[in-house]
Amino acid sequence: MEIAVISGKGGTGKSSISVAFATLQKEVVLADCDVDAANLYLLFNPVCEEEQIVISGQKAVINQDKCIACGECIDYCRFDAIIKKDDKVSIVETFCDGCLLCSRICPQDAIDIIDEDKSRIYAGSFKNGKMVYGRLAPGEENTGKIVSKVREKAKQIAKEFGIKTIIIDGPPGIGCSAISAIIGVDSVVVVTEPTLSGLHDLKRTLEITTSSNLQTSVIINKCDINPEMSSKIEAYCNQKHIEVIGKLPFEPLVVEAMVKCQSITDFAPDAEISKLIGNIYSKIRATT
Amino acid sequence: MLIIVITMRNLIVKIAIASGKGGTGKTFISTNLFNVLQKQEMNLALVDCDAEEPNAKLFLTEGKLKNTYEVNQKVPVVDESKCTYCGKCAEYCNYNAIFFLKEAKVINVLEDLCHGCGACSVACSYSAISEKNNLLGYVNTFEFSPKSALIEARIKVGVYSSVNVIKAAIKKASDFNLVLFDAPPGTGCPFIQTVVQADYVVLVTEPTPYGLSDLKQSIETLKGMNKSYGVIINKAGLGDEKIYDYLNKENIPLLMSVPFDKNIAVSYSKGELLTDLNSEWEEKFSQLYNTIREEYGNSSN
């Protein structure tokens, strides 16, 4: 079973909650899919057992020995990535989308294609099972692809070791990385907060999960920051027939646990917040 | 030569407000900074580049919608009456956006995967591929005064990549003297396409292990792009001291520190601007701008 924890807005407590879920489970595969801000390895310090290279994309590079600066490629490039300066044609790496069209049309065959191969995914063990996480190399861009690879690896490991549950810590936003993190999972948990931005972002996130027909539930974190906004969010979810599966108060212990590199449920198992999270997790498992 | 450098520097200044980790207070900083400078009648625009989840307008309510501009992307349409099923377009497509089965004579465009590069049209020798526009999102311009505006990039829900919408929004801001970018979180393509256009990057972080780890990743990326940057620590007092040690050791300027304060969190949750509620903070944000200008001046010398 794959459970994805996401949040449209960042900083709502998504990672703290997914980490708690993972440590409430005896045996789990934890997939950190927030690949351009991967954090969970900090907490669990997994023993790395496998490193895999991910070709995140390709980039075009001009071979200046062959280039005659005809500039034909400039006209074809739709990403404005090719410029001509002082009779020298060059490619602006950050704008190159890796479509390869320039290399295909170059009459001099002067454009080489290089793989972007610095991004990695890692797999290892931690105290509650296995962990898979990705690391986007600085400057490499295809986060969606790395997210898919992390999930692929997590599924493979789950099968190999007979582990039944995969918890996915997803990225913020609603773009390609978020979509890649939730497509086809059994349950999506959206963590939101009672702020104007929280509600705005939640609406957009729920549009994605609804249109993808995913079983979705919502957690309102830090609900006591603005009880009025919390009620508003609940009302919105009710109207959309999406279950608010739990509400959690703001709890400084959660930050303390993070600093101590522990999940809140391990750090303070008897605290009210840990019990609440435990209840939410049982409910999710029961309905999935 | 010197004169040219000085005039160029006075032309336009673009400052990106970014963060690796989400929810550290990027929008909080950029909207308050904009609010303060806008009131000083500066000529400036704030571009909300967090196109997946644009929030700045929730705080900057006074702006009047001046215009909305659609951002489209070209996607191929295959005319199967002309198609010979040669498969060259699928071979040219580097995004696997053309699903092709030669024997079964199946050809489908997977529009979600298409980047609009046009390679398939070039590949086709039978004029079987034409193009249509697909809506990616909107650029909304809200005017505060004739001299200041919020320019919002907003992708349509379900669109995979926000890059084109971000680029279009930034282009719309080219007439202003000072441009602030509220950058998308992370270090992926939306982040890179935003900060690549900036002269200086303000990284907003929080003093937690997550905040520090993501800050390091952002800085690694910015170093590779040769950008100068400074840091704002938000929610100071939460977490631990490690981030300060890191900034000291790496000699990274700390531009401002905002304490963790439940009252600030509550007013933020309601969509209020701290700089409207509290004149002390108004002064601090005004000072923040001066600090950024100084740092930027030092770094570009």
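Predicted model: local features only at pLDDT ≥ 70, side-chain atom pairs only at ≥ 80, totals over all residues.
## Chain A overall

Chain A holds 11 helices and 13 strands. Its C-alpha trace spans about 70 × 40 × 35 Å along the principal axes. Of the 288 residues in chain A, 54% are buried.

How far apart in sequence are the residues that touch? Take the contacts in chain A between residues at least 6 apart in sequence. Of these, 75% join residues at least 24 apart.

## Domains of the two chains

Chain A is divided into two parts by the domain assignment. Domain 1 of chain A covers 2-55 + 129-287, and domain 2 covers 57-116. The centres of these domains, taken over C-alpha atoms, are separated by 40 Å.

Chain B also has a domain 1 and a domain 2. Here domain 1 runs over 15-42 + 178-296, while domain 2 takes in 74-134. In chain B, 44 Å separate the two centres, again taken over C-alpha atoms.

## Where chain A meets chain B

The contact involves 52 residues of chain A and 49 residues of chain B. On the side of chain A that touches chain B, several elements give two or more residues. They are the helices α4 (101-105), α5 (143-161), α6 (176-182), α7 (196-211) and α9 (252-259), together with the strand β10 (166-172). The largest share comes from α7(A), with eight residues.

What classes of residue make up this side of chain A? It has 23 nonpolar, 20 polar and nine charged residues.

## Helix α11 of chain A

Helix α11 of chain A covers residues 272-287. Its 16 residues should span 22 Å at 1.5 Å a residue. The end C-alpha atoms are 23 Å apart, which agrees.

Which residues of α11(A) are buried? They are A:S274, A:I277, A:I280, A:Y281 and A:I284. These residues cover an arc of only 125° around the axis, so they lie on the same side of α11(A). The other side of α11(A) has exposed residues: A:E272, A:K275, A:N279, A:S282, A:A286 and A:T287.

What do the buried residues of α11(A) pack against? Their partners in chain A include the strands β1 (2-7), β11 (187-192), β12 (216-220) and β13 (243-247). The helices α1 (14-23) and α10 (264-267) of chain A are also packed against by these buried residues.

Key
Residues numbered from 1 in each chain as written. Chains lettered and ligands numbered in written order. Helix = DSSP H or I, 4+ residues; strand = E, 2+ residues; numbered from the N terminus. Buried ≥ 20, exposed ≤ 12 C-beta atoms within 10 Å, placed from the backbone. Contact = placed C-beta atoms within 7 Å. Nonpolar A, V, L, I, M, F, W, Y, C, P; charged D, E, K, R; others polar. Expected span 1.5 Å × (residues − 1). Arc of directions from axis to C-beta. Domains from an automatic or database assignment.
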